[in-house]
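Hi,

Here is the structure I said I would pass on. Have a look at it first, and my notes follow below.

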Amino acid sequence: MTGTPGDRRARGARPRDAPEIGELLRELAPQVLGALVRRYGQFGACEDALQEAMLEATASWPAGGVPESPKGWLLTVASRRLIDEVRSEHARRRREQDYTAATAPLKLPPEPDPDRDDSLTLLFLCCHPALSGPSQIALTLRAVGGLSTAQIAAAFLVPEATMAQRISRAKQAIRASGARFELPGPDERPARLGIVLHVLYLIFNEGYTATAGASLTAPELSGEAIRLTRWLQQDPEIAGLLALMLLTDARRGARTGPDGSLIPLDEQDRGKWDRGRIAEGVELLSAVLPAGPVGPYQVQAAMAAVYDEAESMDATDWPQILGLYDLLEQLAPGPVVSLNRAVAVAMVDGPAAGLDLLRALESDQRLAGHHRLYATRAHLLEMTGDGPAAAAGYREAARRTTSLPERRYLAGRAARLTGQEKPSSAMNPLHPLASRLGHVDSTGEDEEGSM
């Protein structure tokens, strides 16, 4: 690569607005970082250098225009930042052994082959087994998703300093693990791919139903999970996860009112559902289901398709939903699967049958004290006509949740039931917090879903 960033801008600058530049930088971030890590090693230092280059681009491109080769511009600036740091007196004292190769005469890396993209390798590295789950998510969003630390912190409602520490620890763990910048081999790939899919799934879930805060959703997270899942190679279970995301996210526009309040599934305006996403999800699912063994994400996607294709709540094929849950319990057993299945059983065999299943779950420590268990029990009690007990359950669930929209919804249901001797069992046949029917951690752990 030759020429300075300024020279390259002058030859082919194109004016763009800030949102468009932000989207371009997010798209280029993993490609540039992959090239830097492949050339220089030391993931953490390369990622820091890229962040500085992206900050400079954010400041200079809106006024001066996007360079003819934005990827080359970022590579040049990030490389210089990296080498300046390496050659500084402080860096020589602190990282002398690690960066011996970088003290050679400056030689900028050539612009990557257009046909070569290390983004997938980078995604596997960010989801390395040596990292904790929260660290995998944070590092993936920053290094692969191109989000700033401030953006990630805001999405997860934690201080920026806290998220910065989490990302820093993740980089240290990558370094300490001795992980190599390469795709896992055939023997290791299935397990590593499972971690990658799980991380993308959790990112989507947090975006679709935020676990805390004043907003029900964080669309930038669910959108990023869909974007990253799209460029994974489409084997059946990856396609199943993408279909699940699309079929679920299709309902996002109808899930909240103008004031941000939660709207349950049976009250949603289905005309606001994104029919394009539903069609794409169904098409993906139809292509992969006959292709081979069925995985947990495909089963969950099939459930989401049943909901989306029903003309109304009354028209939902609950026996089919229950059959899919029976299959999911075999593929990915866990307390959340069983909790959700209890709601499906109640819709097919009556609320008493669902309550019987809940009693068996009350001793599971992974669910003990969780607001979802209280909300589910309250929903089924409401279906039986026991208004006072249901109201008490809703109030307890509201007390335990950290999501303000969920808390308001649950408290509202309790208020409507107070003083009613016999609430209608037909009211709200699918409680949005009690069911979460389409989503469960594929490992069977206690992960919250996002219906």
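**How α10 and α12 sit together**

Helices α10 and α12 run roughly parallel to each other, because an angle under 35 degrees counts as that. Their packing angle is about 0 degrees, and the axes lie 11 Å apart. On the α10 side, the contact uses L193, L197, L200, Y201, F204 and Y208. From α12 come E237, I238, L241, L244, M245, T248 and D249. Sorted by class, that contact has ten nonpolar residues, one polar and two charged.

Do keep in mind that this is a predicted model.

**The whole chain**

If you're wondering what the fold is built from, there are 21 helices and zero strands in the protein. Of its 451 residues, 53% are buried. Among contacts with a separation of 6 or more, 68% are between residues 24 or more positions apart. The protein exposes about 19100 Å², with carbon and sulfur atoms supplying 52% of that area.

**A check on α20**

One more helix to look at is α20, residues 404–417.

Enjoy browsing!

Key: Residues are numbered from 1 along each chain as its sequence is written. This is a predicted model: local features need pLDDT of at least 70, side-chain atom pairs count only at pLDDT 80 or more; totals for chains, interfaces and linings use all residues. Side-chain values use heavy atoms; hydrogens and water are left out. Axes are lines fitted to C-alpha atoms, for helices over the stretch in contact, and angles run from 0 to 180 degrees between N-to-C directions. Helices (H or I, at least four residues) and strands (E, at least two) are DSSP runs, numbered from the N terminus. Angles under 35 degrees count as roughly parallel, over 145 as roughly antiparallel, 65 to 115 as roughly perpendicular and the rest as oblique. Contact means heavy atoms within 4.5 Å. Ala, Val, Leu, Ile, Met, Phe, Trp, Tyr, Cys and Pro count as nonpolar, Asp, Glu, Lys and Arg as charged, and the others, Gly among them, as polar. Buried means under 20% relative accessible area, exposed over 50%, partly exposed in between (1.4 Å probe, protein chains only). Accessible areas come from the Shrake-Rupley method with a 1.4 Å probe; for residues, only the protein chains shown count as cover. The expected span of a helix is 1.5 Å times one less than its number of residues.
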